[in-house]
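Subject: Structure for your review

Dear colleague,

Please find below the structure that I am handing over to you. My notes on what was found in it follow.

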Amino acid sequence: MIVALTGEDGDSAVADLAEDLAMLRVAAGKRVLLVSPNPRPYDAQLFDDLVIDASLRSQDTALARASVILALLRPEALERDGCAELLARLKVMQSVNPAARVLVTVAHGRRPLTAHQAGCVLVFVAQLPHARLADTLVLEDGHDTYHSRHSELELQAYKEDRKLCAPEVRHLYREIFPQRADLHTGALFPRACPL
């Protein structure tokens, strides 16, 4: 499975989130390649999943091949220009790669989104056919860790699992890599996703 993360051109938060998601995928027992914006040649067939930092415009080919495209928004950029350049890129990628699932998330500081910012987020998502708002992530000032306002809604088992990342990033991981229950045993296992 190819997961491509993008945002404003060169946003370092995209790289951090890509790294967290790749670590969680490795912890799930998958062979994962974390691809930087300026990668060296690699053989995708050697890996179960590729997690690609496609924050630079030069990585649009990664978006065109992705199974899942995750767009990370910043409220300030949304208010400034509606993330018009990112929106245009994503629309082009949807026309080139209509089978890709497009998820949108928002990274903001400790202060909650204002009503205007929340409206900007919803307008952004509404302009992308079949896109879905995944969650809002709080990038803690000076800590480089993500959190969400929805932590209390996490299942207790997920709250107790404190491996690698914040519960909110694990929640986002489960949205990107959905699991389904085995009808006979009730056990959860990842849905098979070809490269």
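Which residues does I52 touch, not counting those up to four places away in sequence? In this predicted model, the contacts of I52 are I2, V3, A4, L5, V35, Y42, Q59, A62 and R65. I52 also belongs to the largest nonpolar core, which has 30 residues. Together with I69, L73, F124 and L128, I52 is among those with the most contacts inside that core. Another core, of 23 residues, lies apart from it and includes A18, A22, V51 and L172.

Both I52 and V51 are found in strand 3, which covers residues 49–53 and has five of its five residues buried. In a regular strand, side chains alternate between the two faces of the sheet. Here, D49, V51 and D53 point one way, while L50 and I52 point the other way.

Strand 3 has parallel partners. Strand 1 (residues 2–6) is joined to strand 3 by four bridges, and V3 has V51 as its bridge partner. Strand 2 (residues 32–35) also pairs with strand 3 in the parallel sense, over four bridges, with L33 opposite L50.

Finally, I turn to helix 4 (residues 84–96). At 1.5 Å a residue, its 13 residues should span 18 Å, and this agrees with the 18 Å between its end C-alpha atoms. Its buried residues are L86, L87, R89, L90, M93 and Q94. Viewed down the helix axis, these buried residues fall within an arc of 160°, so they line one face of helix 4.

Yours sincerely

Note on methods
Residues are numbered from 1 along each chain as its sequence is written. This is a predicted model: local features need pLDDT of at least 70, side-chain atom pairs count only at pLDDT 80 or more; totals for chains, interfaces and linings use all residues. Side-chain values use heavy atoms; hydrogens and water are left out. Buried means under 20% relative accessible area, exposed over 50%, partly exposed in between (1.4 Å probe, protein chains only). Helices (H or I, at least four residues) and strands (E, at least two) are DSSP runs, numbered from the N terminus. Two strands pair if DSSP finds at least two bridges between them. A nonpolar core is a set of buried Ala, Val, Leu, Ile, Met, Phe, Trp, Tyr and Cys residues joined through side-chain atoms within 4.5 Å. Contact means heavy atoms within 4.5 Å. The expected span of a helix is 1.5 Å times one less than its number of residues. The arc is that of the directions from the helix axis to the C-beta atoms.
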